[in-house]
Every structure is written in structure tokens, then in C-alpha cells.
Amino acid sequence: MITLESLTKRYGDATVVDAVSMTIERNTITVIVGTSGSGKSTLLRMINRLVEPSSGRVLIEGKDTRGEPAHLLRRRIGYAIQGHGLFPHRTVAENIATVPHLLDWPDERIKPRVEELLRAFELDPAAYADKYPHQLSGGQQQRVGVARALAAGPSLLLMDEPFGALDPIIRAKAQDDLLAIQRRFGTTIVLVTHDMDEAFRLGARVAVMSQGRLLQYDRPAALLTHPADPLVARMTGSADRALRLLSLTTVGDLLGAGGAAAPPAPGTPVIGSHLSLRDALSELLWSGADRAQVIGPDGAPLGTLTLAAIRAHGKAD
Amino acid sequence: MPRAATLLRLAALLLLAAFLWQPARFAPLFAPLTQYGAPAIYDQGNLLQLTLAHLSTVCLAAIASALVAVGLGILVTRERGREFLPLARALVNVGQTFPPVAVLAIAVPLVGFGEAPTLIALFAYGLLPIFENTMVGLQGCSRELLEAASGMGMDARQRLLRVELPMALPLILEGIRLSLVINIGTATIGSTVAARGLGEVIIAGLLSNNTAFIMQGGLVTGLMAILLYDAVGLLERRLCRSAHVH
């Protein structure tokens, strides 16, 4: 658990981050979202002390981060940035091994770790370990950047606009990969983005910042249904907030909560339980049906989803 | 490097080696340049030894220039050393603009005749290209890259040794290469203050009006400059195959 206690950063007269306090849950993805100049990157960098706070403090598992030299603290915290920041004069394997080397791991421990990570990011070690960063595609470079940040198995990973340089299709894939990686390693992730869609897609909790202040810090659904500030409502988008709300729940979640269980009628469309309600709605509108049969990942029928159930879920309460 | 060029350089190297090993055999080639039966090949000293002395003076000076210039370049690109930038710049600029002959004239009364004043003149003359290239190379490291290095837990020293210097290495080597080549030629003036080197051959030629001597000294110096330039270039490509890409 990470606790930020009225963290403030001033440069001369300008207050970039203004008394931000928040608690970041262990083993989840927390997203800090805001427009450029909102202070979100500065806030993130104060966690690993790339920026030293003017006042306030950061506690990781109850311990003040100023209790040890900054560079030693940073070796325990993964850090991935936009445009990956890979070292062009080092191979992929050497890049990934950066922090293990700094921690003086023996070679026989580094090599298997590098290969494990390459495989976890769908890069064949035999083909990619000895390549140089410029020989990779943008998406591959980004994956190596994240693999490098995770190399020494940090329990906390900070990411500053990690997908900012990717095109939309690769970006969606990278976001899915990050969710999978987070589940696999159980890492606590704090991610900064300016993209509200990305925040909603990845964040278990989302912090909305503007002009150095933390406007609201809550679950994504609560940001939509109970915005604490008119600016939050504007940033989360009032035009499509119903659809955004639907996108936060999967069909499986709704059925599990006792959504509907009518017997399947012949000719109804079939949808997977992993789809979001937003996608399910789109599917229903497209096929012109008012109900769909839901099947689980194993293909077993789970029940029936009705248009009315989706409609009820997308309504402001 | 294309094949033909490689062969040409190899031929130049062989020719130079053969001439220095057995200069007497080349006498018929140089004989037409002499008058009144003067010797066609320099006979007041061993050409091979003079060449080696010349080379060692230049290399010694280059090593000293590189150490000081790279050190200065590192200093002025650090946060704490930034204020020294104007001073360091002025220093190396003076080294470059002050003619080496003038440096010799000043140095001789201080350190006497021989090797030492030449070393001082070459050292001062060779600082500028190395210093400027080191600085540009170190400043060329993107902020993003330095931030990534710090973010992963490198301290200032590790960042310099593992990221900044390797990234700047191609440019630093380029500076050393330039300074070496300039000084191979410049070192010939050392013979005016009794340093051993190929300048001796040229000066002997000038004094006795022997064009053959002048040609020998000049050709050996020139060939050496070209070959050294290529050799360092080769080394550079070997060392920084990957860092050359941007």
C-alpha cells in the first residue's frame, strides 16, 4: 500500500502539485488522469523521488521513502515511460537486465529471468535477445520497456504515458497485455495518462487531476455516476457517459448478479460472458434482437441477457 | 569500406613498411630529385626510428589531450561544473588558436629543447576537437534516456559510465581521430627545437636544398596520417556498431 500525504511540489511561485493525499491499493492498477500541465507526471515522479517533494511525504508499506538513498529506492520500483527510453547501445537482453545488473544479480540468475520476461511479452528469446532496440517495431520496443521495468520483480511499477507513442490498434493490445501481466505478477501499478478511455479501461481506481489538485479519486463507475466536480463530469464526457458506464461491466458480472435467466429461444444471438455490456448492447442493436444467449469461456450456456437489463444498468441512479 | 579502397590502403601500408624497412632500395626512385650527387635517401639517421619517435610523440600528446579534454567535457556537462564551461572553452580555444610554433617559442625557455616543448605544443593544439566532440556527445543524450537511467536506479556515476559515455563514444573517438591526424602533420615542427621526428628529414632537405629528403619526410608523414585516420575509424566502427544509429 502506498500513501501520499499532502504531497506538494512548487517551482518558484508555481505550485505544480498541490497537497495531494491518496492511498493506492496493493495489487491493483491505479490510474492518474489529467490534462497536460495538471501535475500528474510530477505526482508520479515524486513517488520514486525523480522529483523531490517541496512538502508532504510518500509512504510505501508504511515506510517513508526518504529513509534510503533515492537510487536504491528506485531499484525496487519499476519505471516505464512514454517512448520506452531503451538504451540504443545495448541489446534487448542487456536493456532488460539493467536493474538486475545494478542489484548485482549473478549471471545465472539474470539470463533465465530475461528469457522468462521476453516470453511473457511474446518475444522469442532466440530471435530478440540480441537485437538492438532500433531493430524492433514500436510495439515491441514498448513491450521491452515494460519488461525492463519488471525485470527485478518490483512490487510497484510506475508508468508515465506508457502507450502514448503507439497507434490505436497496438495500443489496445498493449493495454490488454498490461492487464494480463498485472494479473500474472500481481504488481501494484500506478499509471499516468491523459486518455480517459485508457483510464477507464485499466484503472481499478482513477484519480482525476487538474491544475495540481486531485479533483476526485474513486472507482471509474463512481466518477461517472457521482462526479465530485463539474470538471470531472466534463472530462469523463457527459455525452457518452451511459456507454462508458456500460463498458465497465462485463456480461458475466451482470448475470452473476442475477441479471436474467430466461430459457434461450431459438434464433437469439449468442455472446460471450467476457464482453462488456457496451459491446453486448452494440451486438443486440446490430442483430435487431432484444435478448441474447450468454455462453461462458468454455462454451456452456450461462443464461439470457435482455436489452432491458442493459438499459437498467446504464441508467444514472 | 568498399573493397578497392581497402586494397589501396593495404597497399599504402605495405609500401610505407617496405620503405621504412629498406629505404636504400628506393634510392633509384628518389635519385632524379637530387642534384650534384647528393644522397637520394636520408642518411643522417635511421628513418624507421625517426618515424617511430614521431608517432610516439603524437600518440603521447593525443593521450594527454584526450584525458584532459574528455575530463573537461565531463566536468562542464555536470550540474555542478556548468559554471566552468566558459573558462574551459576559452582554454581549449586558446590552445587551438595559438600557433604551435609560438607555443614552442614560449615553451623552450621554460622546459628546454627536445621532446618536452613539442609535447606541450601538440597537447594544446589537440584539445579543441576532443573537447567539443565530448561535449556535443554528452549533451546529445536525450533527457528521456537519462530519466530512464535515473528511474531505474542508476546513480550519477553509473549514469555517466553506463549510458552517457558509451552514447558519446563515437563522437569522442571522432575528436581523438581528428586531433591525431592534425598533430601528425604539426609534429614535424618539433624538429626545430631538437625533438626527434620526421621534421628532421624535411628540415635537412630544406637546409641542403635536397628535394628528395623533403619528399621522403613529407610522404611518410602524409601516408601515416591517412593510415592512422583509417585505423581509428575502423576501431570506432568496431566499438560502436550499435551506438551509431539514432
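1. In this predicted model, helix H1 of chain B passes helix H10 of chain B in a left-handed crossing. H1(B) covers residues 3-21 and H10(B) covers residues 211-239; the two pack at an angle of about 140°, with their axes 10 Å apart. Because of that angle, H1(B) is classed as oblique to H10(B).

2. Which residues make the contact between H1(B) and H10(B)? On the side of H1(B) they are Arg9(B), Ala12(B), Leu13(B), Leu16(B), Phe19(B) and Leu20(B). H10(B) contributes Gln216(B), Val220(B), Leu223(B), Met224(B), Leu227(B) and Asp230(B). Sorted by class, this contact holds nine nonpolar residues, one polar residue and two charged residues.

3. H1(B) also packs against helix H3 of chain B, residues 47-77, at an angle of about 125° and with the axes 7 Å apart. This angle, too, is the reason why H1(B) counts as oblique to H3(B). Phe19(B), Leu20(B) and Trp21(B) of H1(B) meet Leu47(B), Leu48(B) and Thr51(B) of H3(B). The classes here are five nonpolar and one polar, with no charged residues.

4. Phe19(B) lies in helix H1 of chain B and Phe30(B) in helix H2 of chain B, residues 27-30; the two are eleven residues apart, and the pair is described as linking distant parts of the chain.

5. These elements belong to a chain with ten helices and zero strands. Read along the sequence, the pattern of chain B is α-α-α-α-α-α-α-α-α-α. The C-alpha trace of chain B spans about 75 × 50 × 20 Å along its principal axes.

6. Chain A contains sheets. Strands of a sheet pair through backbone hydrogen bonds, in either the parallel or the antiparallel sense. One open sheet of chain A is formed by six strands in the order S6-S7-S8-S3-S9-S10, with mixed pairing. Its edge strands are S6 (77-81) and S10 (213-218) of chain A, each of which pairs on one side only. From one strand to the next, the twist averages 15°.

7. Within the pairing, Ala80(A) stands opposite Met159(A) in S7(A). Helix H7 of chain A, residues 138-150, lies across S6 and S7 of chain A and runs at about 165° to S6(A).

8. Another open sheet of chain A has three strands in the order S11-S12-S13, and its pairing is mixed. The edge strands are S11 (270-272) and S13 (301-306) of chain A, each pairing on one side only. The twist averages 35° from one strand to the next.

9. How do S12 and S13 of chain A run, parallel or antiparallel? Strand S12 of chain A, residues 291-295, and S13(A) run antiparallel and are joined by five bridges. Ala292(A) stands opposite Leu305(A) in S13(A).

Methods: Residues numbered from 1 in each chain as written. Chains lettered and ligands numbered in written order. Predicted model: local features only at pLDDT ≥ 70, side-chain atom pairs only at ≥ 80, totals over all residues. Heavy atoms only, no water. Axes fitted to C-alpha atoms, helices over the stretch in contact; angles between N-to-C directions. Helix = DSSP H or I, 4+ residues; strand = E, 2+ residues; numbered from the N terminus. Parallel < 35°, antiparallel > 145°, perpendicular 65-115°, else oblique. Left-handed = near helix turned anticlockwise from the far one by under 90°. Contact = heavy atoms within 4.5 Å. Nonpolar A, V, L, I, M, F, W, Y, C, P; charged D, E, K, R; others polar. Pairing = 2+ DSSP bridges.
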